[in-house]
Amino acid sequence: MNPLRHRAIWWVLVAIPLVQACRREHPRPVTGSALDSLPTPPPLPVSHFNIPLVYEYTPVLAVVERAVPRKFGSIDSVRMVGNDPNRHYAYEAVRGPFTAFVRDNEVHLRATLSYAARGYFKPRFGPTISAGCGGDSSADRPRVTVELVTPLTLTPDWHLSSKARIARLSPASSTDRDRCTVSIIRYDVTQRVIDAAREALNSHLPDIDRKISRVDLTDRFQNWWGLLNRPIRLADNLWLLLGPERLRMGGVSGAGNDLIVDAGLDARPRIVTGAEPHPEIAPLPPLSRDTAATGFHIVLGGLIDYPAASKTITDALSGKSITEAGRTVTVRGARVSPLPRGQLALAVTFTGDANGTLVFVGKPTYDRQAGELRVPDLDYDLTTDSDLISAYSWLRSDALREFFRDKARLPADLLISRGRSLLSDGLNRKLGDAVTLSAQVDSVDVAGIYVTAPGIVVRAIATGNAGMQVRQERK
């Protein structure tokens, strides 16, 4: 038979959704004998999906804005320079708004203090003399750059966690524009402003961490956790359930206004058939640690029903003439049916120098190299056909048996590739507006062949790597 035509017929007949049985009439069960039931798949390792959790960290700015004072010092608060009662100074600094950026795995919060200062000198005789800087115009005031840094991460209960520190507190530039030295008292007020700002900021760092820790992201992530629990339609009456179990915390990085947590999802994905399932959605679990990626492992199952199998083998045999011991028979048809203990019966009808049906029995196996189901131990069923063999002893020959062994094959590569394609489609899509699945199916390896009443079940295990992008809506 032309291989291309053979494959085309196979596609039409058995390229059905994995796990889903054909809607054709099933053959009658074997009389007086129960077929082996399909065993439960062996437990697979937990599948692991890489999930960069993306959330906008700009709300943290509002927390820091409220925690850090906008004003430091007062021109009305005069201080003595050291222990000299003749020299005094006063300053007043105003903080501008914070801006934020990410470097490595930390959020940097930067603001500018602009300040004015006055120096007072009281000579032994005469009135007090004063001079200062930054008093004429706020645009000309000297400046100090304040930079806070905190590694933001998530706690097991889905709150933000911070440990803020001062990364920089220094003049905004090295020019005279950003220094204030009051000559009449020979005193550099710049360092005094920096020291005062440092003291004030250090006293507020615990308050910053405490307020950031109150930022609760549970509601934000509960929404997409529900999306991960929804069934993914692969085909009619065929569904992929991701089976999410827990999330693991990984490293933290940033891009633009987003903080990215390289989290991992532990899941037990499976494929089910029938009407759309409605799994119970558990609450968002606590966030765990450790994100060692292991990829995914998913059990697939394809079914080849017996009418399809019979048609495929009939097409391969029909019209073939076989000569043995000077006698010739021509095959007219073949029928595949199930037997107990994982065996198949192949009934071959022929005409010519002998007329009737020979029944062969054997156990199907998978030939990985050929991508086919074969029956290498196919042999005569003498119990069923003893009368025919007795009448035509020449029918029982090694050559005839080898001929039927060679033809008793069912291509499974299209079934497997169809399953691979369905799974790939299911794992590469958007779930709602926040979750985008992406995956690569690396391999689909047949793990078992089972003879059941509806048909021959090909069970395979798909492996690969998958990830998700989770982005929260801006609020």
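Trainee: Which strands each supply at least two residues of the lining of the largest pocket?

Mentor: Those are β18 (270–273), β20 (296–305) and β31 (455–471). Strands here are DSSP runs of E, at least two residues, numbered from the N terminus. This is a predicted model, where local features need pLDDT of at least 70 and side-chain atom pairs count only at pLDDT 80 or more, while totals for chains, interfaces and linings use all residues. Residues are numbered from 1 along each chain as its sequence is written, and side-chain values use heavy atoms, leaving out hydrogens and water.

Trainee: Which strand gives the most to that lining?

Mentor: β20 does, with six residues.

Trainee: How many residues line the largest pocket, and which lie nearest its centre?

Mentor: There are 20 lining residues, and Pro 41, Arg 270, Ile 271, Val 299 and Leu 300 lie nearest the centre. A pocket is an open set of points on a 1 Å grid over the protein atoms alone, where a 1.4 Å probe fits, with protein on both sides within 12 Å along at least five of seven lines; lining residues have an atom within 4 Å of a point.

Trainee: New topic: where is His 48?

Mentor: Look in strand β1, residues 47–56.

Trainee: Is His 48 buried or exposed?

Mentor: His 48 is buried, because its relative accessible area is 2%. The cut-off for buried is under 20%, with a 1.4 Å probe and protein chains only.

Trainee: What does the side chain of His 48 make a polar contact with?

Mentor: Its partner is the side chain of Asp 266, at 3.1 Å. Such a contact is a pair of N or O atoms within 3.5 Å, one able to donate a hydrogen and the other to accept it; residues adjacent in sequence count only if both atoms are side-chain atoms.

Key
Helices (H or I, at least four residues) and strands (E, at least two) are DSSP runs, numbered from the N terminus. Buried means under 20% relative accessible area, exposed over 50%, partly exposed in between (1.4 Å probe, protein chains only).
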